[in-house]
Amino acid sequence: MIAVKESCQTFHPDSAQDYVPPALLAELQFSRLKAIVARAFDRVPLFRSRMSDRALTPESITSLSDIALLPFTTKSDLRDTYPFGLFASPMEEIVRLHASSGTTGKPIVVAYTQQDVDVWTSVMVRSFAACGLHHGDIIQNAYGYGLFTGGLGAHYGAEGLGATVIPISGGNTDRQIMVMKDFGVTAICCTPSYFLHMIERAAEMDIDIRDLPLRVGVFGAEPWTPSMRKRIETLSGIRAIDIYGLSEIIGPGVAIECPEQSGLHIFEDHFYPEIIDPETGAVLPEGEEGELVLTTLSKHAMPMIRYRTRDITALLPGRCPCGRSLRRMRRIGRRSDDMLIIRGVNVFPSQVEAALLDVEGTLPHYQIVLTRMHGLDQMEVLVEVTPETFSDRIGALEELSTKIADALEHVLGLRVQVRLVEPHTIQRSEGKAKRVIDRRLPS
Amino acid sequence: MKIQQLSIFSENKPGHLIAPCRLLAREGINMQAMSLADAQRFGILRIIVSDWQRARRLLEAEGFVVRVTEVVAVEVPDHPGGLSTVLDLFEGSTLNIEYMYAFPFVHDGKAALIFRFDYPDPAIDKLRAGGITVLDADALNNR
């Protein structure tokens, strides 16, 4: 039995939206859907032309289920329209820009009007409230502050909740633990792997997190497993809550677990979920596993209509014992594409290929090896030496390896290890090399 | 006058050096000189062999990455200062010695050295002008 410090339940007014009766919620979703489709149709040329190709107008949407008529939006649409092509608001109405890495070295840019920031704050307030946090809590926000949405998203939410926020950002583990102890922190936001590292480091510093006031961890920005959760909860005595979000939709605060910890409630008054067959695009019935597709029902600056998240999950049938009417999705276990998440940064093997091609002229055999050290993801790229790149001078080979690392850093925004290896050392099956070895998660 | 040197890429791991050596031994190819340069995670085996074309074919057929580089072999007296007479020639010169190593045996009181210059041809001219004996492949084989 895991000893979990119980949280005191109080009610934040924003959380009222979590309990709206399903029929009313559907009505709200339908009216918001019509408005957002009209907005995107009027203001986003790509969406308008795709609608026209299908002979659709905003008036074609006559019920909530008509959403299935609408075209999908993909990550490559954001890339192709870089930087501002999908904006539905003029820049003078946009109060914030964030960015996340794309597939070609150019980031994906997302925008917020003041109203969007307010919605984001509100869903983060509801997220924190749903996992038992409230006015008076001291929240250590160890998500990175900057272009990444995690830091500021959690920050505004914590302030909106009326909690005390410590904007410590990521890194410097010893200082994190000192602050956690000395400031009487009651909740922490970071990636689950980083928190595991904090637990280990705290033990080395003779600090047992179970003795501290800390009682909730809001963990996200990377996939994690139920066994990791169990380890975190056992070792630290806190309740480890899974939060889900993505920059393209809003950032963190798309969905969160309640204390039942059986699925993540989607804030579907703002983010309408569908599960589709990733091959055919057909909408799947409730309970079936498929790709999560989200529509932002209220986002002004950058409406996302039927955005394909590539995350594989299922919508869980039945009402949660917590009483929320918001539907739940199963925790994300895998993706339908080959995207990797490394320290919260999106990485595609195609980016690695582009960098290698850039340096070497032709694509060598390579392999991405992911491990986790001190709770931080490590990425190593093994590159087979070719007759063209090989030199009899050590300096030339070291220069090659540095050049590859520089090119990768340029594309990924992440410093990774490069190791030159002998030809034919990377295993090939049926002529194709296995591109990614992920040793981060316990199987 | 230039000598063909074979370089073979090797990961800096136990047992990785032996494979090319075994192959050459099996094929009766003699390594006249060798040097191993190592960085933190990889190494380069550089060898001078009796029949470099055949050695290269055999190595490449086994999947090794081989590079052929032209190097310069010189003979110097095997006594203190033998090497510096050569190095003195290049002091203050724009010609750069990338690396060097020595043959294992002394012959007639003379040691043979391998130099890898960035520009071998002007280097050979300079060596000769300085009175240094530059060895060709035949001379090496007869040592």
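Let me start with burial. Of the 443 residues in chain A, 44% count as buried. Keep in mind that this is a predicted model. In chain B, buried residues make up 29% of the 143 residues.

Staying with chain A. The chain has 10 helices and 22 strands. Along the principal axes, the C-alpha atoms of chain A fill a box of roughly 75 × 65 × 45 Å. Now the contacts. Take those in chain A between residues at least 6 apart in sequence: 68% of them join residues at least 24 apart.

Next, the domains of chain A. Where are the bounds? Domain 1 covers 13-337, and domain 2 covers 342-438. The centres of the two domains of chain A, taken over C-alpha atoms, are separated by 32 Å. Domain 1 of chain A puts 15 residues into the contact, and domain 2 of chain A puts in 16. Which elements matter on the domain 1 side? Strand S1 (94-101) and helix H7 (192-204) of chain A each supply at least two residues there. H7(A) gives the most, with 4 residues. By class, that side of domain 1 of chain A, the one touching domain 2, has 4 nonpolar, 10 polar and 1 charged residues.

Now some backbone details in chain A. Here is the background. Most residues other than glycine have a negative phi, and most peptide bonds are trans.

Spot one is a peptide bond. Tyr82(A) and Pro83(A) are joined by a cis peptide bond, with omega at about -5°. Pro83(A) sits in the loop between helix H3 (75-80) and S1 of chain A. S1 of chain A has come up already: that strand supplies at least two residues to the side of domain 1 that touches domain 2.

Spot two is Ala55(A). This residue is not glycine, yet its phi is positive, near 55°. Ala55(A) is in the loop between helix H2 (45-53) and H3 of chain A. Buried or exposed? Ala55(A) has 7 other C-beta atoms within 10 Å, so this residue is exposed. The cut-off for exposed is 12 or fewer.

Buried would need 20 or more.

On to chain B. How many helices and strands does chain B have? There are 5 helices and 7 strands. From the N terminus on, the order is β-α-β-β-α-β-α-β-β-α-β-α. The radius of gyration of chain B is 16 Å; a compact globule of 143 residues would have one near 15 Å, so the two agree. The C-alpha box of chain B, along the principal axes, is roughly 40 × 35 × 25 Å. For contacts in chain B with a separation of 6 or more, residues 24 or more positions apart account for 67%.

Chain B is also divided into domains. Domain 1 of chain B is 3-69, and domain 2 of chain B is 72-142. Over C-alpha atoms, 22 Å separate the centres of these two domains of chain B. What does each domain bring to the contact? Domain 1 of chain B gives 8 residues, and domain 2 of chain B gives 11. On the domain 1 side, strand S2 (residues 31-38) of chain B has the largest share, 4 residues. That side of domain 1 of chain B divides into 4 nonpolar, 4 polar and no charged residues.

Last topic: the two chains together. How many residues of each chain are in contact with the other? 16 residues of chain A are in contact with 17 residues of chain B. Which elements give two or more residues on the chain A side? They are helix H10 (394-412) and strand S19 (417-421) of chain A. The side of chain A that touches chain B has 8 nonpolar, 3 polar and 5 charged residues.

That is the tour. Thanks.

Terms used:
Residues are numbered from 1 along each chain as its sequence is written. Chains are lettered from A and ligands numbered from 1 in the order in which they are written. This is a predicted model: local features need pLDDT of at least 70, side-chain atom pairs count only at pLDDT 80 or more; totals for chains, interfaces and linings use all residues. Domain bounds come from an automatic or database domain assignment. Two residues are in contact if their C-beta atoms, placed from the backbone, lie within 7 Å. Ala, Val, Leu, Ile, Met, Phe, Trp, Tyr, Cys and Pro count as nonpolar, Asp, Glu, Lys and Arg as charged, and the others, Gly among them, as polar. The radius of gyration is taken over C-alpha atoms; the globule rule is 2.2 Å times the number of residues to the power 0.38.
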